[in-house]
Amino acid sequence: EKATLADVLALKKKHEAFESDLAAHQDRVEQIVAIAQELNALGYSDVASVNSRCQTICDEWKDLGTLTEERQQKIEERQKLLEALDNLYLEFAKKAAPFNNWLEGARE
């Protein structure tokens, strides 16, 4: 992976927007569960298929949440790594500057 810190920060913003959109859909999943429970309470004739479909939706929603969290962690890990590398590059540049100045002077 050749992503720069700027690339990772942009990806992090996109992921945060995705998480926000995902959270906005939580109510819909809860509504589906509530409707399924209501159909159960009313003794709907095909309640088994409703319960099965509701369970599938809930399972997939949970899986999506898990994958979203894992992706967020990977993005944060990559960000920390790239920030550490940037700091090392900066530290090297600071330490190399006096040497480069000395070397240029020695060459003259």
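## Salt bridges

The model contains two salt bridges, a salt bridge being a side-chain nitrogen of Lys or Arg within 4 Å of a carboxyl oxygen of Asp or Glu. This is a predicted model, in which local features need pLDDT of at least 70 and side-chain atom pairs count only at pLDDT 80 or more, while totals for chains, interfaces and linings use all residues. Residues are numbered from 1 along each chain as its sequence is written, and side-chain values use heavy atoms, with hydrogens and water left out.

Side chains of opposite charge can pair when their charged atoms come close. Lys 95 is exposed because its relative accessible area is 60%, where buried means under 20%, exposed over 50% and partly exposed in between (1.4 Å probe, protein chains only). Glu 91, at 39% relative accessibility, is therefore partly exposed.

The side chains of Glu 104 and Arg 107 also meet in a salt bridge, with an N to O distance of 3.6 Å. Glu 104 and Arg 107 are three residues apart in helix α3, about one turn of the helix. Glu 104 has a relative accessible area of 43%, so Glu 104 is partly exposed, and Arg 107 counts as exposed because its relative accessibility is 60%.

## Confidence

The chain has a mean pLDDT of 94, and 99% of its residues reach 70 or more; pLDDT is the predictor's confidence in each residue, from 0 to 100. Within the chain, confidence is highest in helix α1 (residues 5-24), at 96, and lowest in α3, at a mean of 94.

## Helix α2 and its end

Helix α2 covers residues 26-42, which makes 17 residues. At 1.5 Å a residue this helix should span 24 Å, and its end C-alpha atoms are 25 Å apart, so the two values agree. The expected span is 1.5 Å times one less than the number of residues in the helix. After α2 comes Gly 43, which has a positive phi, near 70 degrees.

Helix α3 (residues 47-107) holds Gln 72. Gln 72 is buried because its relative accessible area is 11%. With its neighbours within four places in sequence left aside, Gln 72 is in contact with Lys 12, His 15 and Glu 19, contact meaning heavy atoms within 4.5 Å.

Gln 79 also sits in helix α3. Its relative accessibility is 12%, so Gln 79 counts as buried. Not counting residues up to four places away in sequence, Gln 79 touches Leu 5, Val 8, Leu 9 and Lys 12.

## Nonpolar surface patch

Leu 81, Leu 85, Leu 88 and Tyr 89 make a nonpolar surface patch of about 410 Å². Patches are made of residues with over 30% relative accessible area and no salt bridge, with like charges joined within 9 Å and nonpolar side chains (Val, Leu, Ile, Met, Phe, Trp, Tyr) joined within 5 Å. The accessible areas come from the Shrake-Rupley method with a 1.4 Å probe, and for residues only the protein chains shown count as cover.

Leu 81 lies in helix α3 and counts as partly exposed because its relative accessibility is 43%. Leu 81 and Leu 5 are 76 residues apart in sequence, and their C-alpha atoms are 9.0 Å apart in space. Leu 85 is found in helix α3; at 34% relative accessibility, Leu 85 counts as partly exposed.

## Exposed charged residues

Glu 69 is in helix α3 and is exposed, since its relative accessible area is 52%. Lys 94, in helix α3, counts as exposed at 60% relative accessibility. Lys 94 and Lys 80 are 14 residues apart in sequence and 21 Å apart from C-alpha to C-alpha.

Lys 2 is located in the segment before α1. Lys 2 counts as exposed because its relative accessibility is 83%. From C-alpha to C-alpha, Lys 2 and Phe 92 are 21 Å apart, with a sequence separation of 90 residues.

Note on methods. Helix = DSSP H or I, 4+ residues; strand = E, 2+ residues; numbered from the N terminus.
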